Amino acid sequence: MDADVFLGSACELLAIPSTSERPAELRHALDYVLDFVGSGFTVERFESGGKPSALVYPGTERREFHVILNAHLDVVPAPPDQFCPRRDGDRLFARGAQDMKVTGLLAAQVFRELAPSLPYPVALQLVTDEEAGGRDGTRHQLDHGVRGRFVIVGETSGLHIVNESKGMLVVRLLATGRAAHAAYQWLGDKTILDTLQPVSCNRFAA
């Protein structure tokens, strides 16, 4: 694809204010990229917590994909002028230009050009809730059986391959004991040291 044509499409996508509190705009951004991918592929749509997502792949049967290209189309809130893309020389400025609408559009282009001819199953995974935690997008699709051996997430990495990142650890703790005044600590139970037990621990990858 011609670079100017691609950048024209990128500017149209960047102009969509797809923030978490605008469900219609999240759907608009998702539909835009799906239209960009074009016909000839199976499109599975998902929705959780009001956040739409999609899985696109050649053929009619979902399998364990050898490669999944994952991209999010939501962005963090910004003033209206940041949704007016502008080019300055070889630079493109707008909310989401780096994180990560343009990369998502590039993943869609790579997928539509290469996926039909590859000798192994590949998929394009588009989500709209990464900035809000990822539970209603990628995690929701995982809960519904989507699997891949290798996933490429085109987030900003300074053009380096990054194989680990920060995550979130959510822990619920339950403790029992006997309270005591700070001046008479020996009258109470050392709850933190003796009886603190982790009840549940859920880890969500970043």
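A polar contact is a pair of N or O atoms within 3.5 Å, where, within protein, one atom must be able to donate a hydrogen and the other to accept it. In this predicted model, such a contact joins the side chain of threonine 19 to the side chain of glutamate 21, at 3.0 Å.

**Threonine 19**
- Threonine 19 sits in the loop between H1 and H2, and it counts as buried because its relative accessibility is 0%.
- Leaving aside residues up to four places away in sequence, threonine 19 touches Leu26, Val75, Val76, Pro77 and Phe83.

**Nonpolar cores**
- The largest nonpolar core comprises 31 residues, and those with the most contacts inside it are Leu105, Phe111, Leu124 and Leu126.
- Two or more residues of this core come from each of helix H1 (3-14), helix H2 (23-37), strand S2 (51-57), strand S3 (67-72), helix H3 (101-114) and strand S6 (122-127), with H2 giving the largest share, seven residues.
- Leucine 105 is in contact with Phe6, Ser9, Ala10, Leu13, Tyr32, Val33 and Phe36, when residues up to four places away in sequence are not counted.
- Another core, of seven residues, lies apart from the largest one and includes Phe46, Leu55, Ala123 and Val146.

**Surface patch**
- Leu106, Val110, Leu114, Leu118 and Tyr120 make a nonpolar surface patch of about 380 Å².
- Tyrosine 120, a member of this patch, is placed in the loop between H3 and S6 and is partly exposed, at 33% relative accessibility.

**Salt bridges**
- Seven salt bridges are found in a search of the whole structure.
- One of them pairs arginine 87 with aspartate 4, at 3.6 Å from N to O; because arginine 87 lies in strand S4 (residues 86-88) and aspartate 4 in helix H1, the pair ties together parts that are 83 residues apart in sequence.
- Arginine 87 is itself partly exposed, with a relative accessible area of 46%.
- Glutamate 44 and arginine 62 form a salt bridge whose closest N and O atoms are 2.6 Å apart, and this pair links strand S1 (residues 42-48), which holds glutamate 44, to the loop between S2 and S3, which holds arginine 62, across 18 residues.
- Within that pair, glutamate 44 is buried at a relative accessible area of 18%, whereas arginine 62 is partly exposed at 27%.
- Aspartate 143 and arginine 139 meet in a salt bridge at 3.4 Å, N to O; they are separated by about one helical turn because they are four residues apart in helix H4 (residues 138-143).
- Aspartate 143 counts as exposed at 52% relative accessibility, while arginine 139, at 32%, counts as partly exposed.

Terms used: Residues are numbered from 1 along each chain as its sequence is written. This is a predicted model: local features need pLDDT of at least 70, side-chain atom pairs count only at pLDDT 80 or more; totals for chains, interfaces and linings use all residues. Side-chain values use heavy atoms; hydrogens and water are left out. A nonpolar core is a set of buried Ala, Val, Leu, Ile, Met, Phe, Trp, Tyr and Cys residues joined through side-chain atoms within 4.5 Å. Buried means under 20% relative accessible area, exposed over 50%, partly exposed in between (1.4 Å probe, protein chains only). Contact means heavy atoms within 4.5 Å. Patches are made of residues with over 30% relative accessible area and no salt bridge: like charges are joined within 9 Å, nonpolar side chains (Val, Leu, Ile, Met, Phe, Trp, Tyr) within 5 Å. Accessible areas come from the Shrake-Rupley method with a 1.4 Å probe; for residues, only the protein chains shown count as cover. A salt bridge is a side-chain nitrogen of Lys or Arg within 4 Å of a carboxyl oxygen of Asp or Glu.
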